[in-house]
Structure formats: structure tokens, C-alpha cells
Amino acid sequence: MDIYAFQLYSQILKIFWRVFLIILAIVFMVFAFPYVKDVLIMFIIAWLLSVLLSPLVNFLEHKGLARGWAILIVMILIFAIVGVSFSLLIPRIIRTVESIISKLQSDVITDYSLKIENFFEKNFNNAELGRNVTATLNDLILKLLGSLGEFFRSVGSFLASIVIIPFITFFLIKDARRFKRAFISQVPNRYFELSLNIIHKIGNQVGKYIQGQALDALIVGILSIIGLFIINLVFDGPLPYFVLIGMFAGLANLIPYLGPVFGAVPALIIAILNNPPNLGLVLLWIVIVFILVQAIDNAFVSPMVVSKSVNMHPLTVVVAVIIGGNIAGAMGMLFAVPFTGILKVASSQVIWGIKNYELSHPSRVGENLSKKDK
Amino acid sequence: MENPIWGNGFFKKKKKEDDIFKILKQVPIFSDLTPKELTEVEKIVHKRSYKKNETIIHAGDPGLGMYIIVKGSVEIVEQDEKAGKRTLAKLSDGSFFGDMALLDEDPRSASAIALVDSEIMGFFRPEFLDLIYRKPKLGIKVLLALARVLGERLRHTNELLTQIQEKKV
């Protein structure tokens, strides 16, 4: 049967409205983004927390506790731990970073700059080149530390200024199923099972990925603290902030390939700043400790706790880190790889759904509706 | 006549919940549950409305869970390349289908199509597994009842097979 243009009119109108609404939504999101950015970040943090805490809540529920009580107990516990650690740690971290910056600005950089300039003058007979090299290096180090200080300061004020995150987390854990049901109830029948299955699979895989990454970061952090503590014992305390350095190394481990390097840099800088009598040996041992921690992580910890399906090509990691850094600075660099991991896990599940569900089935493309219309 | 003040509020909701409980009680895998346990099940089922001729499940799709007919009628059909469409069963209020999918993700063996506008409840494997972990007592109760249903079905299939074999001999 021939189809005339006027018969397609209603369909064209329908498509037009759909496209128009999508464009409107995108434009709205672009314009509204600066105003909702903070709330969005709060929700993302609360969601991450809810993913991390849900297994604990489920465990308590499994042991016979009512879900409400289980969430309340876990939240109080987390409130206490986070509150105490941040009230103790954040001011200390900010002080440490600022003291390192001021130390660098005052004497150490000048000292090392002179040494480098002398080296270039002696070996290449070119003091100008030496001055250029030191100027670039100074700039780089100060920028890096400046962004680090800014990062911790923003995290500190962020966490101090909002008590909303725990409340959002509470309701995200408590009513997660209700939210999911409300969302899925809006999906048309023809895509209902497909959507439900994909949402479950994504939730499951992403949850495992986030929990695995968090556990991996925790273990690497603890191992680094132990290693640096031993260095402190053997060499008479060249690393006064070893707990903080270890924590940073754990966090930096969220970035594969580059993370271990980022993690070791603060330890090396602090050792150089303290300038212990056997500096060379201390630096060597710091490098050995971080290599050992990485070896243990790669051989035993990662294979057990981090999903293999999220293995990323080094190039993907580098690109993700650069883009993350451009979007949100140090914080963006840190969370770019986990975010890419989440995207990878989610997209692999969507592809699974598309492969396994017959999307071109007549009943899915509206055959029944046309029958009904007749 | 419906109370104009309370008609759309609490009482109506309570009545709807009672209806759902009644339907759930008819399903063998939930028949042993207490009202409190039924409330837990009610929290995880999905209520859907299907128009006449609308497909509920597609043969060949990965199995996700079972459906319970709250109101309406559903036809279970098998599509055969040679024989064409074959109706396996016609189900009505309180009946259920797709229960095997509570155990694994094997592809659906038949399609289910609504014969009239129908209200259906879906009970799915991921939520069932979650329930087993969170509320082991309740989960085991449902699991045992499911095993009983499948056992009965297996026994029935065995009897049919024996009859066919006896006929051949």
C-alpha cells in the first residue's frame, strides 16, 4: 500500500516534538548547570557513599536488624568516623601543604636552583639554560602544590559547610528500591524487562567496581603508611607526615599507571625538604617502598577486589586524567578514571542488553499498537 | 457511595493493598507467608498495566522473573517456524507464569500476550536474590515453595512421559 505524505504528518509531528523537547532539555541543562552544580556534586558524593555503605546496611539487615535501624547505626558510625577524622586531619593537611609551599618558596628552591645553575654552568658553560630549567621546574612544583592545597581546602570547606550529604545518603539507601521502582514504572512496557535487567546489572557491576576501588585504595593507603613508618623508624624520622602521605598514596591509587607516581612524589618532596643526613638512601627506600606496595597491590590486592572487566588501556587512563584535570582540576584528575570505569561498566551492560533482547521484534516497534488502532 | 473525603486517600490505598495481598496469597510460592512477610514482598513487586494484544514477555529474551495476573487475561504462545503460532495456555486472575526465570537467565521459551486490558505484577530474580540475602527466613520460605511448585511440575511431566512411553510399547 502506498503511503501519502499527509499520512506521515502525525508521525513527523511526533518526532519533531520529541527532538524539540530533547534540545530544550539539553539547553536547560547547559544553562542550569552552574546553579545546580553544587547540588549535583552533593548528590554524586551521597550516591557514592550510599553505594559504599549499602553492603554494610544489608549485612546488618541480614543479621536481623530492621532496615531503618541498620541505616541509622551505619550512618552514626560513619558520622563519628568522618567527623573525628576530618576535624583532626583536614586542618593538619592544609597546614602541611601550606608549610611545604612556604618552605619551598623560601630556601629550598633557591638552594636547589643555585645547584642546578652551577651544574649547567660547569658542564655546558651555559648558565642561562640552567636558569630557564630551574624557573620552569619552580613554576611546575609551585603550581602542583598550589592546586593540591586548593584541593584540600575546597574539600575541607565543602565537607564542613554541608551536613546535607549524610541526609541525602540516608534517603538514598533507605528508599533506593522505591526510587528505582518509580523510575522503572515510567518505562514503556515494551522496554520494561530490558530496562529493569540493565538497571540491575549496571547497579550491581558499578557497585562492585566502586566498592573494589575503595577497598583497593584503603589497602594501598595502609600498606604505604606501614612502609613509610618503617623508613621513619630506621632513618630516625625523615618523614613527619607519613600518615597523610600514605593516605594520599591510597587516594592517588585510584588513577592506574600514574597514581603510584603521584603517590610517591609528596613523600620524596617532604624527605628532600627535611634534608636528613643520608638523603640519597632515604629517597631510594621511599621509591622501593612504593614499588613494593604496587607489586603487592598488582599481584594480590587488585586481582581480588577490583573487577577485571574494568581494565583500561594506558592511553584511556592518560586521556581521562587530562580531561578530568581540565574540567575539575586536581579533584577531576583523581576521579576521572573511576568515572570512566563506571561509564565503561555501564556501557558494557547496555551493549549486553541490546545484544540479548530482540529490539527489532514487531511487538517492540509498535506492531500491536497498529493492530489495536485498526 | 465512595466517601468524598477519604475516598481517594488512606482507605482506598488500604483496599488496594488488601487486594494485592489476596492475589499474592493465591500464588503458591507466597501462600505460606504471614501478612508482615507479604508486605515485604509487596515492596519489591512491580505493578504494570498492559493493553489488549500487548506483549508481556517475548520468547527468546533473557528470563528475568515471574508475572502474576492481578486482573485480566493472558495467552501463553509459542512461535514455531513450521506450525506457526500455537497457544499453550490461557490464564486469568491470580494465575502466574515465567516462574522458572526466578532461578536462571535462560531465554524465555514462550511469549505472553495480554488478551484483554490487564493488571500484572512482576516479581523478579535480582530483587528475589536480594530478598534472600536481606531476609533469609522469608527468602527460604519463598524458595522452598518455589522448589515445591517446580517439583510438582516435574512429577507431572514424568507421569506424562511414562504414559507416552507406555502407549508406544
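Leaving aside its neighbours within four places in sequence, with which residues is B:V142 in contact? They are B:I29, B:F30, B:L33, B:F123 and B:F128, where contact means heavy atoms within 4.5 Å. The model is predicted, so local features need pLDDT of at least 70 and side-chain atom pairs count only at pLDDT 80 or more, while totals for chains, interfaces and linings use all residues. Residues are numbered from 1 along each chain as its sequence is written, chains are lettered from A and ligands numbered from 1 in the order in which they are written, and side-chain values use heavy atoms, with hydrogens and water left out.

- Buried means under 20% relative accessible area, with a 1.4 Å probe and protein chains only.

**B:A145 in helix α4**

- B:A145 is found in helix α4 of chain B and is buried, with a relative accessible area of 4%.
- Leaving aside neighbours within four places in sequence, B:A145 is in contact with B:P28 and B:I29.
- B:A145 and B:F30 are 115 residues apart in sequence, and their C-alpha atoms are 7.4 Å apart in space.

**Helix α9 of chain A**

- Helix α9 (residues 279–305) of chain A has 27 residues and reaches 36 Å from its first C-alpha to its last, close to the 39 Å expected (1.5 Å times one less than its number of residues).
- At A:D297, α9(A) bends by about 45°, the angle between axes fitted to the seven residues ending there and the seven starting there.
- The buried residues of α9(A) include A:F290, A:Q294 and A:D297.

**Second largest pocket**

- This pocket is lined by 25 residues, of which A:E61, B:E40, B:K43, B:R134 and B:K135 lie nearest its centre. A pocket is an open set of points on a 1 Å grid over the protein atoms alone where a 1.4 Å probe fits, with protein on both sides within 12 Å along at least five of seven lines; lining residues have an atom within 4 Å of a point.
- α2(B) gives the most to the lining, with seven residues.

Methods
Helices (H or I, at least four residues) and strands (E, at least two) are DSSP runs, numbered from the N terminus. Buried means under 20% relative accessible area, exposed over 50%, partly exposed in between (1.4 Å probe, protein chains only).
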